Amino acid sequence: GGVSAVLEAIAHLSPDLCQQMCLLIVGQLEAEAQSRLAYQIAALRRRRPVQVLLQVQAAETQPLSTPLHLADVVVLPSRQMGYYGGLLTQAAKLQKPILTTDEGLVGELVKRGQLGLTLQAGDTQHLAVALAYLLEVPLERVGDRQQMRQFAAWNTDVRFAETVFRYLCPS
């Protein structure tokens, strides 16, 4: 799953579509997982003309800031991810459509909020079709920009803190 599934899906795309793509992988991984990822990327580059940029560091270090302003689309491919509310809010604020699985809270928020596309977890072929679609259509057609603005406005740090305090310290 996760990034491996995205790399496998990209291998199913045409060389022409791959040339249009630059995949930026951001996150934290153990050293062994970083080595596996580097091997997978090298294998993909031998098969397809795709640019892949890595911004990965050891899992025990301080989390990286995610450069979403560089992205056209935010892909959250993992089934086993935690809650990435801050990432969803940042993507919505920047009007970046999200591609994720239909499972869990993130999938539900993307679906309900019309923040992008969701697809069945574990289906690499559908992931390849979704990636091709995102490379071929005007991205303004993916997700609802008004809903993204509302999601970003509603999900601020201040509102989160107010909600937590309201439940922890009822008046």
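Author: Patches are made of residues with over 30% relative accessible area and no salt bridge, with nonpolar side chains (Val, Leu, Ile, Met, Phe, Trp, Tyr) joined within 5 Å and like charges within 9 Å. A salt bridge is a side-chain nitrogen of Lys or Arg within 4 Å of a carboxyl oxygen of Asp or Glu. This is a predicted model, where local features need pLDDT of at least 70, side-chain atom pairs count only at pLDDT 80 or more, and totals for chains, interfaces and linings use all residues. Residues are numbered from 1 along each chain as its sequence is written, and side-chain values use heavy atoms, leaving out hydrogens and water.

Reader: Which residues make the nonpolar surface patch?

Author: Leu24, Leu53 and Leu70 make it, over about 270 Å² (areas by Shrake-Rupley, 1.4 Å probe, with only the protein chains shown as cover for residues).

Reader: Why is leucine 70 called exposed?

Author: Exposed means over 50% relative accessible area, buried under 20%, partly exposed in between. Leucine 70 has 60%, so it counts as exposed.

Reader: How do you know that β4 and β5 pair?

Author: Pairing takes at least two DSSP bridges. β4 and β5 (residues 116-119) have four, in the parallel sense. One joins threonine 100 to threonine 118.

Reader: What makes β3 and β5 edge strands?

Author: The open sheet has the order β3-β4-β5. β3 and β5 each have a single partner strand, so one side of each lacks a neighbour in the sheet. Strands here are DSSP runs (E, at least two residues), helices H or I runs of at least four, numbered from the N terminus.

Terms used:
Buried < 20%, exposed > 50% of the residue type's maximum accessible area, 1.4 Å probe, protein only.
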